Amino acid sequence: MLFRSVIGSCFRLGQSPFLDLTRMSKKYGDVFSLMLGNRLVVVVNGVNAIHETIVKQSIAFAGRPKLHTFQIANPQGNSLSLSDYSHQYRLSRKISVSAIHNFVKNADALEEKLLHESQRLIHYFQKMKGKPVDALLTLKCATANIILNALFGLERSYDDAGLLNMLNLSDNFRKSVTGSSHVDFLPLLKYLPNKALSNLIFMMRTFLGNITEMFEQNRDTYVGGHVRNIADSFINVVEKETEKEKEDRQPGEDTLCMAPVLSDEQIVPVLTDLFGAGFDTSSVTLYWALAYLMAFPEIQSQLHEELDGVIGRQRLPTMSDLTSLPLLQATVLELLRISSIAPLSVPRSTTADTTIRDFKIPKDTLVFVNLWSVHRDPETWKDPDVFCPSRFLDSQGQLIDPKFFAGFLPFSAGRRKCPGEPLVMKTISVFLAALLHRFRFTQDGLPAEYQGINLQGQNGLTLMPETFYANIEERL
């Protein structure tokens, strides 16, 4: 049986497509198809259907569609997030996952870096007391420094022109992808003048140039076998695999003709993806954290009490304190659930003809995985639209492992699961603990034009709150 098609002509989704698709699933079922422009799209909703696809059939649903914006952002096919499922993708992802886990496992070094960056973050917020503050840029600087340290062992001042330029490029990339995405479904539009597409090409070249420069500087100081960061991990693997190929070569075979397992041109786009995705996820989640904790001051007060009871007032929280802060950890999990900053994840495509619930889905079919529908499913979560960190605590007030919640997929799942999850989780938790330990965030006393918080979010490359302002009060 061919999969259900609910609309046979061009269908225009609204400003919140994940909401539109969730509503449609109530009428048409968890798996349905629709036409977006000239493209047939399969939409997968709900916990069970998503597990049946991207988990149980992870390879079949691990592809990336050949969208025009993807080809512009990934012209050489080396991106970790946008490349199709291939041997090169699997190798790049394997190295990325291993390198990130090794970085996080080095607990002493990571704890020292997070504490150092927490102190700097607090210093910058202290300078903004007594006036309306939009905290997003400062949060981006802090999280970007953690990612730069993980990738290259670097850090930048928050007023460093190079860092601010990279963050500005990232913002413009988000706007350009969002503003040009209609060409993916109406391809004739790509032949018309399009400022967003032109900006996208320029920004990708500039961003890749910045990461290339940092990678080359890192490579020039690399000492064989001594892995300091994620970039070194890639270099180290290439060295080992190259030596292995030399040992396995046939007598008389010309070693000069042997290509490296991964070239620099293949490594740099992967590092670029890890930087962009890592700091964006962390900073946007922290921005949501301030929005929700200002909207729910009673939960912010409970977190203050927990921090004061466990940490005291004489020092800042560190990574090793997190296991003693169950409410803080539960708050981070609830923020990831309710904000669902990647509600439709990155579009996928099928790598082979496959079947889901008796619906036949051909190879190369574009697939939307609606993670929003999982995180707001009333059959999985009680009062899913309510911000309630205690849902992740047991009756004794201890943290429940999120693995026990089938409907918790903020980093997606399967072969395309975000490899940066361990580092992102540590970064968000430590920074949030440090900020709440030192400050109270309110809108008390702000002029009327700076009042108000919209928790609906604005859709784009990621779902984030509309700009809001905080009054930062130091907890002395």
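A residue is called buried when its relative accessible area is under 20%, exposed when that value is over 50%, and partly exposed in between. Asp383, with a relative accessibility of 46%, therefore counts as partly exposed. Keep that scale in mind for the tour below, and remember that this is a predicted model.

**Confidence**

The protein chain has a mean pLDDT of 90, with 94% of its residues at 70 or more. Residues 1-12 have a pLDDT below 50, and this stretch makes 36 contacts in the model beyond near neighbours in sequence.

**Two loop residues with positive phi**

Asp383 sits in the loop between α13 (371-375) and α14, and its phi is near 50°, a positive value in a residue other than glycine. Ser345 also has a positive phi, about 50°, although it is not a glycine. The loop that holds Ser345 runs between α12 and β4 (348-349). With a relative accessible area of 26%, Ser345 is partly exposed.

Is His375 buried or exposed? Its relative accessible area is 1%, so His375 is buried. This histidine belongs to helix α13. Setting aside neighbours within four places in sequence, its contacts include Leu336, Arg337, Trp381, Pro384 and Phe408.

Asn165, in helix α7 (residues 161-180), is partly exposed, with a relative accessible area of 37%.

| Residue | Relative accessible area | Class |
|---|---|---|
| Ser345 | 26% | partly exposed |
| Asp383 | 46% | partly exposed |
| His375 | 1% | buried |
| Asn165 | 37% | partly exposed |

**Helices α5 and α14**

Helix α5 (residues 107-126) is built from 20 residues and reaches 28 Å from its first C-alpha to its last, close to the 28 Å expected at 1.5 Å a residue. Its buried residues include Leu110, Leu114, Leu121, Ile122 and Phe125, and also Lys113, Glu117 and Arg120. What do the buried residues of α5 pack against? Their partners are α4, α6 (136-152), α14, β8 (439-442) and β9 (471-474).

One of those partners, α14, has 18 residues and reaches 26 Å from first C-alpha to last, close to the 26 Å expected at 1.5 Å a residue. Of its 18 residues, 13 are buried, so α14 is largely enclosed by the rest of the structure.

**The second largest pocket**

Rolling a probe the size of a water molecule over the atoms shows where empty space is left. The second largest pocket holds about 900 Å³ of space. Its lining is made of 32 residues, and Asp401, Pro402, Lys403, Glu421 and Met425 lie nearest its centre. Elements that give two or more residues to this lining are α4 (87-105), α12 (326-339) and α14 (421-438). Which element gives the most to the lining? That is α14, with five residues. By residue class, the lining of the second largest pocket divides into 19 nonpolar, seven polar and six charged residues.

Note on methods. Residues are numbered from 1 along each chain as its sequence is written. This is a predicted model: local features need pLDDT of at least 70, side-chain atom pairs count only at pLDDT 80 or more; totals for chains, interfaces and linings use all residues. Side-chain values use heavy atoms; hydrogens and water are left out. On a 1 Å grid over the protein atoms alone, a cavity is a set of points where a 1.4 Å probe fits but cannot get out, and a pocket is an open set with protein on both sides within 12 Å along at least five of seven lines; lining residues have an atom within 4 Å of a point. Grid points are joined across faces, edges and corners, and a volume is the space filled by probe spheres set on the points. Helices (H or I, at least four residues) and strands (E, at least two) are DSSP runs, numbered from the N terminus. Ala, Val, Leu, Ile, Met, Phe, Trp, Tyr, Cys and Pro count as nonpolar, Asp, Glu, Lys and Arg as charged, and the others, Gly among them, as polar. The expected span of a helix is 1.5 Å times one less than its number of residues. Buried means under 20% relative accessible area, exposed over 50%, partly exposed in between (1.4 Å probe, protein chains only). Contact means heavy atoms within 4.5 Å. pLDDT is the predictor's confidence in each residue, from 0 to 100.
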